[in-house]
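Dear colleague,

I am passing on the structure below, together with some notes on helix packing and on a few individual residues. Please read the notes with the structure open beside them.

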Amino acid sequence: MTVDALTDVAGVRVGHATRVGDGWLTGTTVVLAPEGGAVAAVDVRGGGPGTKETDALDPRNVVQRVDAIVLTGGSAYGLDAASGVMAWLEERGRGVPVGADPGQVVPVVPAACVFDLGRGGDFRARPDAELGRTAVEAAAASAPGAPVPEGCVGAGTGAAVGAMKGGVGSASVVLGSGITVAALVVANAVGSVTDPGTGVLYGELFQGRVEYPEARVHEVARRRLAESAARNAPPPLNTTLAVVATDAELTKAQAQKLAGTAHDGIARAVRPVHLLHDGDTVFTLATGGRPLSPAHPLALNDILAAGAEVVTRAIVRAVRAAESVEGAGGAWPSYRELYGG
């Protein structure tokens, strides 16, 4: 049975750590690979990324597999959350072997951050190594194939899309070949996720599943968003992050191609996208359980197309699952409050 989430890829687990209140509105999300790690790659399209260990994922470089990926709030400060994940992995002997002793490893933990500084009211309230450890422990404690909590949790706690509340979303698909492709997204974009003329989510327009809000509802929503945008403090420094996972057996180069095409899924759901003040980053994980047939060299195409599709759906789910937030750091109404279910 599938749960339409990243955890539909066997062995992949997700954990969130969330901090809200007393100036906090942020968190960290960890994607934990199966024992032995997974082939990983990355593609960065935003002009203002905050990342860690992305160079290690270049197909030309020595690291082949990673054990975890960290998505975090806190802008560049929040990348410290990866240190807590590294420590947890080291304690279990998981990482790149660098010595004769089995415990002598260096865990390679790629990470990327979203900008949410000050959204809870305290600019200095941001994820650290302790929060990263909490998130990876939550991932490890989760049951195989468990549903992934969505909305204002983990790295999506303080996320915003334009003047609207963002969050975490996930989606998956099983191809005719039996290969699973899934995505987890932190929707935190400078651009809008809604058509300005109708209020329909761009991602749903692309999917062809559209219920148009009443004109009266849309006009009220537009006024509310304009009021929120005027109240919230600039600058609009945001980022959409994604992890796309598959149980297909991919090389690092193939995984990097998947990361690149998965960005199309962001572009279908957010407009404009990949701006200078975005840090849009997509990671990929390939667990290798299902080999691609050498007799069909273009079999990768189905996986590439599916990667973009699940990213679009995950963004839609993130926005629909988000809840309104109003406090000392600003006000971000949710799509659900503005337009209903």
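In what follows, axes are lines fitted to C-alpha atoms, for helices over the stretch in contact, and angles run from 0 to 180 degrees between N-to-C directions. Helices (H or I, at least four residues) and strands (E, at least two) are DSSP runs, numbered from the N terminus. This is a predicted model, in which local features need pLDDT of at least 70 and side-chain atom pairs count only at pLDDT 80 or more, while totals for chains, interfaces and linings use all residues. Residues are numbered from 1 along each chain as its sequence is written, and side-chain values use heavy atoms, with hydrogens and water left out.

Helix packing

Helix α1 (residues 81–91) packs with helix α2 (residues 129–141) at an angle of about 50 degrees, and their axes are 6 Å apart. That angle makes α1 oblique to α2, given that angles under 35 degrees count as roughly parallel, over 145 as roughly antiparallel, 65 to 115 as roughly perpendicular and the rest as oblique. The crossing of α1 and α2 is right-handed, a crossing being right-handed if the near helix is turned clockwise from the far one by less than a right angle, and left-handed if anticlockwise. On the α1 side the contact (heavy atoms within 4.5 Å) is made by A81, S83, G84, V85, A87, W88 and E91, and on the α2 side by A129, G132, R133, V136, E137 and A140. By class, this contact has 7 nonpolar, 3 polar and 3 charged residues, where Ala, Val, Leu, Ile, Met, Phe, Trp, Tyr, Cys and Pro count as nonpolar, Asp, Glu, Lys and Arg as charged, and the others, Gly among them, as polar.

Helix α5 (residues 252–269) and α6 pack at an angle of about 40 degrees, with their axes 7 Å apart, and α5 and α6 are therefore oblique to each other. The crossing of α5 and α6 is right-handed. Residues of α5 including L258, A262 and I266 meet residues of α6 including L304, A308 and V311, and the contact of α5 with α6 has 10 nonpolar, 5 polar and 4 charged residues.

Individual residues

A318 lies in helix α6 (residues 300–321) and is buried, with a relative accessible area of 0%; buried means under 20% relative accessible area, exposed over 50%, and partly exposed in between, with a 1.4 Å probe and protein chains only. Leaving aside neighbours within four places in sequence, A318 is in contact with G151, G167, V168, G169 and A187.

H16, in strand β1 (residues 13–21), counts as buried at 15% relative accessibility. The side chains of H16 and T29 are joined by a polar contact of 2.8 Å, that is, a pair of N or O atoms within 3.5 Å, of which, within protein, one must be able to donate a hydrogen and the other to accept it, residues adjacent in sequence counting only if both atoms are side-chain atoms. A polar atom of the H16 side chain also lies 3.0 Å from the backbone oxygen of P149.

D247 is placed in strand β14 (residues 241–249) and is buried, with a relative accessible area of 10%. A polar atom of the D247 side chain lies 2.9 Å from the backbone nitrogen of T180.

With kind regards
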